[in-house]
Amino acid sequence: MPNPSFDLTLDDLECLATGAWILGTGGGGDPYFSLLEAREHLAAGKRARIIDPLSLADDALIACVGQMGAPLVKQERLVDGPVIASTVTMMEDYLKKSFEAVMLWEIGGNNGFQAVLTGMLLDLPIVDCDAMGRAFPQADMTTFSICELPAYPWTMVDLRKNRIFFAEAENWEWMERMTRAACTAIGSSAATCKAPRSGAEVKSSTCLHTVSQALRIGRAVRDARRRHDDPVAAVIESENGLELFRGKITDVNRRTTGGWLRGTIEIDGLDADTGSTMKIEFQNEFVVAWRDDAVSATVPDLICLMDTSSGEAIGTETVRYGQRVTVIALPAPDILTSPRGLKKVGPRAFGYDLEFKSVFSNAPQMETAQ
């Protein structure tokens, strides 16, 4: 049976921002500014109604929205709700049909709010699912790509109201190349409406109930803070996660290139990890972590960097020298760790010659990186 629908409250919005930021694994953009906008819409009487994907009719027409670009740029060139909503109306004009609901492209980071803002502005329900179960940097790294669903049509709008329509692409890799080039040309920050999905496709080819997951994580952090407990431990308990490392940021190297934020962070161990080091490389999101030169975790397991005291997520664009951090891992959705999923989102998809071995497996750890 589908779960009943519910409206997001002001407290829910706060928890969603906290949980989505953690699920962003360093990317997806800080949801703070979208949270402020959503608060204003809620105060103005607009509603954000969450519906279970299992309640959708098979022939329902669902919009899928998200921002594209480099997280650091998106903090300076904001893409707000009216811009993301315009990508949906642009798609409706092309299809000559109206959408019945809107879903998230990715639950991670600021993209966890784009369907919420769209739903509030266009009075559409928001489906409790997404196409990643986390955040990933590329358009071809989605459950829709893994399930070999069509990648087109696609609309893109930037904050200047430049509008681009992608009518067709040979495959998801070509759609990524074309949209990435266009996004880079207009400043590495854009709003997009992806290929429309049917209710049947949403039910069979997405990560289900990830909005609820983000809310659950956010509530775990909130409740731990109120009890003066460890919020990092609360997230680990809530999501069956693992603590990988605790320490202090000693070096950050990042650059924006090709529409992505790439770089490396280094952490010196504290407490039980004193004497050890951890290095994490990222492409918008954290991709591979090494502990003392041995691989500790890789995508698609979620590598999350959190403030040790507050439990707040730390993004690749906001991490800085001296922060006391805890690195945790959360389990990836099963579809991402399937053979087809690993071809799209495993370590080799990011250019690392590594076999994926989940940190949640009892098998021996991965071999030392070259």
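**Note on charged and aromatic side chains**

1. In this predicted model, a salt bridge joins the side chains of glutamate 173 and lysine 344, with an N to O distance of 2.6 Å. The two residues lie in distant parts of the chain, 171 residues apart: glutamate 173 belongs to helix H7 (residues 172-185) and lysine 344 to helix H12 (residues 339-345). Glutamate 173 is partly exposed, its relative accessible area being 27%.

2. The structure contains 19 salt bridges. One of them pairs the side chains of glutamate 176 and arginine 180 at 2.9 Å, N to O. These residues are separated by about one helical turn, because they stand four residues apart in helix H7. Glutamate 176 and arginine 180 are both buried.

3. Two further cases of charge pairing deserve mention. Lysine 279 and glutamate 281 form a salt bridge in which the closest N and O atoms are 3.9 Å apart; lysine 279 is partly exposed, with a relative accessible area of 32%.

4. Which residue is buried yet has no salt bridge? This description applies to glutamate 37, for which the nearest side chain of opposite charge, lysine 46, is 9.7 Å away. A salt bridge requires the nitrogen and oxygen to be within 4 Å. Glutamate 37 is located in helix H2 (residues 32-43). A polar atom of the glutamate 37 side chain lies 3.0 Å from the backbone nitrogen of glycine 81. Leaving aside residues up to four places away in sequence, glutamate 37 touches Asp80, Gly81, Pro82, Leu117 and Leu121.

5. The aromatic pairs number seven. Tryptophan 105 and tryptophan 154 form one that is edge-to-face, at 5.9 Å centre to centre and with 80° between the planes. This pair also connects distant parts of the chain, 49 residues apart: tryptophan 105 is in the loop between strand S4 (101-104) and helix H5 (111-122), while tryptophan 154 is in strand S7 (residues 154-157). Ring pairs join Trp105, Trp154 and Trp172 into a cluster.

6. How are the rings of phenylalanine 282 and phenylalanine 286 arranged? The pair is edge-to-face, because the planes stand at 90°, with the ring centres 6.1 Å apart. Phenylalanine 282 is buried at a relative accessible area of 4%, and phenylalanine 286 is buried at 0%.

7. Charged side chains also lie over aromatic rings. Arginine 177 is over the face of tryptophan 174, 4.5 Å from the ring centre. Arginine 197 is over the face of phenylalanine 144, 4.8 Å from the ring centre.

How values were computed:
Residues are numbered from 1 along each chain as its sequence is written. This is a predicted model: local features need pLDDT of at least 70, side-chain atom pairs count only at pLDDT 80 or more; totals for chains, interfaces and linings use all residues. Side-chain values use heavy atoms; hydrogens and water are left out. Rings of Phe, Tyr and Trp (its six-membered ring) pair if their centres lie within 6.5 Å; planes under 30 degrees apart count as stacked, over 60 as edge-to-face and the rest as tilted. Buried means under 20% relative accessible area, exposed over 50%, partly exposed in between (1.4 Å probe, protein chains only). A charge sits over a ring if NZ of Lys or CZ of Arg is within 6 Å of the ring centre and within 35 degrees of the ring normal. Lys and Arg count as positive and Asp and Glu as negative; His and the chain ends are not counted. A polar contact is a pair of N or O atoms within 3.5 Å; within protein, one must be able to donate a hydrogen and the other to accept it, and residues adjacent in sequence count only if both atoms are side-chain atoms. Contact means heavy atoms within 4.5 Å.
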